[in-house]
Amino acid sequence: MPIAPANDLCADAITIPYGSINVTGSTLGAHDDYDLCPGTPSCLASCTGFNSPGRDVVYRIDVVSPVTRLRVDYHLEPASVDASIYVVTDCSNIAGSCIAGQDSDLGSPNEHLTVERFLAVGTYYLILDAFNPGGATWTMSGSLEDLITPTVATTWGRLKTIYR
């Protein structure tokens, strides 16, 4: 059996920097550390509508502005493993701190998750999970970006250079 990936737990989550996201990996050696609704296949109260009893890995997002947007496409191979992806604020309370999640029906191999604006500045955890317990290889692409457009400060000196 493969060894567990370094980011098997939130404590060892790999930080996702701002910019483009293009990452590949495997959950074949990972453990089932996090489940949105343990023991219950359909869980309408969870942020995905389902439990997530499969193997999972964790990424850390350090949000520096509440107008930060996360867009992620998560794909498992084989697709029959049924991907599940969600963002939480507290790894010891996954179900209670989930702010966004996505788990499409089986047969929809790609999961698309967008968080248009985070609740506040701080640390969040992106958990790449699955419904089936076997594990799989995966790819994740997307972006983490600050939506504030920088503006150029208008000073008296700058105005003078415009009109010279």
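Two strands pair if DSSP finds at least two bridges between them. In this predicted model, S5 and S6 meet that condition, pairing in the antiparallel sense over four bridges. Within this pairing, Tyr 86 stands opposite Gly 101 in S6.

**Overall architecture**

The chain contains two helices and nine strands. Their order along the sequence is β-β-β-β-β-α-β-β-β-β-α. Of the 164 residues, 41% count as buried. Among contacts with a separation of 6 or more, 79% are between residues 24 or more positions apart.

Five of the strands make up an open sheet with mixed pairing, in the order S1-S3-S8-S5-S6. Its edge strands are S1 and strand S6 (98-102), each of which pairs on one side only.

**Confidence**

The mean pLDDT of the chain is 88, and 87% of the residues reach 70 or more. Where pLDDT is low, the predicted coordinates should not be read in detail.

In soluble globular proteins, nonpolar side chains tend to be buried together. The largest nonpolar core here has 27 residues, and those with the most contacts inside it are Ile 61, Leu 70, Phe 118, Leu 126, Leu 128 and Met 140. At least two residues of this core come from each of strand S3 (57-63), strand S4 (68-77), strand S5 (83-88), strand S7 (110-115), strand S8 (122-130) and strand S9 (137-146). A second, separate core has 12 residues, including Ala 13, Tyr 34, Val 58 and Val 88.

Leaving aside neighbours within four places in sequence, Met 140 is in contact with Ile 16, Ile 21, Asn 22, Val 23, Tyr 59, Val 72, Asp 73, Leu 126 and Leu 128. Two of these partners, Leu 126 and Leu 128, are also named among the residues with the most contacts inside the 27-residue core.

**Aromatic pairs**

A search of the whole structure finds three aromatic pairs. In one of them, the ring centres of Tyr 74 and Trp 138 are 6.3 Å apart and the planes lie at 65°, so the pair is edge-to-face. The angle is over 60 degrees, the cut-off for that class. This pair links distant parts of the chain, with Tyr 74 in strand S4 and Trp 138 in strand S9, 64 residues apart. Both Tyr 74 and Trp 138 are buried. Ring pairs join Tyr 59, Tyr 74 and Trp 138 into a cluster. Tyr 59 is also one of the contacts of Met 140.

**Helix H1: Gly 96 and Ser 97**

Helix H1 covers residues 94-97 and includes Gly 96. Are Gly 96 and Ser 97 buried or exposed? Gly 96 has 58% relative accessibility and therefore counts as exposed. Ser 97 has 7% and therefore counts as buried.

The C-alpha atom of Gly 96 is separated by 8.4 Å from that of Ser 46, which is 50 residues away along the chain. For Ser 97, the contacts beyond neighbours within four places in sequence are Val 87, Val 88, Thr 89 and Asp 90. Val 88 is also one of the residues of the second core. The side chain of Ser 97 reaches two backbone atoms, listed below.

| Side chain | Backbone atom reached | Distance |
|---|---|---|
| Ser 97 | nitrogen of Asp 90 | 3.0 Å |
| Ser 97 | oxygen of Asn 93 | 2.8 Å |

Most residues other than glycine have a negative phi, and most peptide bonds are trans. Asp 82 is not a glycine, yet its phi is positive, at about 65°. With a relative accessible area of 9%, Asp 82 is buried, because the cut-off for that class is under 20%.

Terms used:
Residues are numbered from 1 along each chain as its sequence is written. This is a predicted model: local features need pLDDT of at least 70, side-chain atom pairs count only at pLDDT 80 or more; totals for chains, interfaces and linings use all residues. Side-chain values use heavy atoms; hydrogens and water are left out. Buried means under 20% relative accessible area, exposed over 50%, partly exposed in between (1.4 Å probe, protein chains only). A nonpolar core is a set of buried Ala, Val, Leu, Ile, Met, Phe, Trp, Tyr and Cys residues joined through side-chain atoms within 4.5 Å. Contact means heavy atoms within 4.5 Å. A polar contact is a pair of N or O atoms within 3.5 Å; within protein, one must be able to donate a hydrogen and the other to accept it, and residues adjacent in sequence count only if both atoms are side-chain atoms. pLDDT is the predictor's confidence in each residue, from 0 to 100. Rings of Phe, Tyr and Trp (its six-membered ring) pair if their centres lie within 6.5 Å; planes under 30 degrees apart count as stacked, over 60 as edge-to-face and the rest as tilted.
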